[in-house]
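This report examines a single protein chain. Please consult the sequence and the structure shown below while reading.

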Amino acid sequence: MTRFIAAYDTEMAGTCLEACVRIREVHVEFDVPATFFIVGVRLEEEGKAYRRLLGDVPSFEIASHTYSHQMLRDHPFCGPAPAKETRLEELRQGKEWVERTFDRPCVGLRPGCGFANGLRGDPWLIESVMETGFQYVSSVLWGPETSLPALLEAPFTYAEDGFPELWELPGHGWHENLLKAHNLTDKMQRILAWPPAYPETIPARPVATPEEEFAIHRMFIDRAVDMDLPYVSLILHPWSLARFDPEMKMLELLFTHLQTHNIPTTTYQAEWEGAYIE
């Protein structure tokens, strides 16, 4: 049975924390667990507030979104990766700030922006992630040739790179901030692939209402269920959700859909622990 993972890339100063107030309320109301991938520098600056807000909900997983959202690999939209030592600090300090703030192990990592191929082909980075102590990574967040939406890809290990112990748990669908044109500029950029894998999920314009946004996310969830994918997880950002929909009506529609169709919910950590640990 396909499970749903609500996951939030929590990275912006102030605005993400404010948005998480309402996000928490909706999750508690619907009894839906969540994974919050939080940037370490946010916890360094706002950690006490994040702990008060998220730390007392047993079904919330807190994972790392690196220390300061610097790239772990070169990215065609988000920029080049810094020196190796800087990337090591992104890994180490990102994990340390989660554990220091919430007084619990941090087992999961989501790199800033994510990549089309995850960590494939970079054994140094894979080994560094493992040596830092991460147990899973969620880094596949784009479709072919760094296009959107990200495909409904199943979990896999990095065995082909020599690291069968590390699991990749991809994210799926749109980066919802791009679905709303929150990060686009007047500079021409290639976002879509041709031919598109899921043409029905590509709107002719940025979404304008929570209902329109939900309708697109629903297509990925329903398709994942039809594929019998182990889980499906959207790529959500608290700051962007709140800018577009401060009452989080889209989340209410989403969670109602899950309950109506008896789609179970989980976290990335629970998914990894329950299905992939030998």
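Predicted model: local features only at pLDDT ≥ 70, side-chain atom pairs only at ≥ 80, totals over all residues.

## Aromatic pairs

A pair of aromatic rings is described by the distance of the centres and the angle of the planes. The structure holds nine aromatic pairs. One of them joins Phe156 and Tyr158 in an edge-to-face arrangement. Another pair consists of Tyr198 and Phe220; with planes at 80°, it is likewise edge-to-face, because the angle is over 60 degrees. The geometry of both pairs is set out here.

| Pair | Centre to centre | Angle between planes |
|---|---|---|
| Phe156 and Tyr158 | 5.4 Å | 65° |
| Tyr198 and Phe220 | 5.8 Å | 80° |

The pair of Tyr198 and Phe220 links distant parts of the chain, its members being 22 residues apart. Tyr198 belongs to the loop between helix H5 (176-179) and helix H6 (210-227), while Phe220 is part of helix H6. Tyr158 is buried at 1% relative accessibility, Tyr198 is buried at 9%, and Phe220 is buried at 1%.

Beyond these pairs, Phe37, Tyr136, Tyr231 and Tyr268 make up one aromatic cluster.

## Charges over rings

Two arginine side chains lie over aromatic faces. Arg120 is placed over the face of Phe156, 4.0 Å from the ring centre, and Phe156 is also a member of the edge-to-face pair with Tyr158. Arg100 is placed over the face of Trp97, 4.2 Å from the ring centre.

## Helix H6

Helix H6, which carries Phe220, comprises 18 residues. From its first C-alpha to its last, H6 reaches 26 Å, close to the 26 Å expected at 1.5 Å a residue. Its buried residues are Pro210, Glu213, Phe214, Ile216, His217, Phe220, Ile221 and Ala224. Which elements cover these buried residues of H6? The cover includes strand S1 (3-5), strand S9 (172-175), H5, strand S10 (231-235), helix H7 (238-244) and helix H8 (249-260). After H6 comes Asp228, which has a positive phi, near 60°.

The loop between H5 and H6 also contains Ala197. Is Ala197 buried or partly exposed? With a relative accessible area of 47%, Ala197 is partly exposed, whereas Tyr198 in that loop is buried at 9%. Ala197 and Leu88 are separated by 109 residues in sequence and by 35 Å in space, C-alpha to C-alpha.

Helix H1 (residues 15-30) contains His27. At 1% relative accessibility, His27 is buried. Apart from its neighbours within four places in sequence, His27 is in contact with Ala6, Tyr8, Val32, Pro33, Ala34, Phe60 and Phe255.

H1 packs against helix H2 (residues 40-54) at an angle of about 5°, and their axes are 10 Å apart. How are H1 and H2 oriented to each other, roughly parallel or roughly antiparallel? Because an angle of about 5° falls under 35 degrees, H1 and H2 are roughly parallel. On the H1 side, Cys16, Leu17, Cys20, Val21 and Arg24 make the contact. On the H2 side, Glu46, Ala49, Tyr50, Arg52, Leu53 and Leu54 take part.

Conventions
Residues numbered from 1 in each chain as written. Heavy atoms only, no water. Phe/Tyr/Trp six-rings, centres within 6.5 Å; stacked < 30°, edge-to-face > 60°. Buried < 20%, exposed > 50% of the residue type's maximum accessible area, 1.4 Å probe, protein only. Helix = DSSP H or I, 4+ residues; strand = E, 2+ residues; numbered from the N terminus. Lys NZ or Arg CZ within 6 Å of the ring centre and 35° of its normal. Expected span 1.5 Å × (residues − 1). Contact = heavy atoms within 4.5 Å. Axes fitted to C-alpha atoms, helices over the stretch in contact; angles between N-to-C directions. Parallel < 35°, antiparallel > 145°, perpendicular 65-115°, else oblique.
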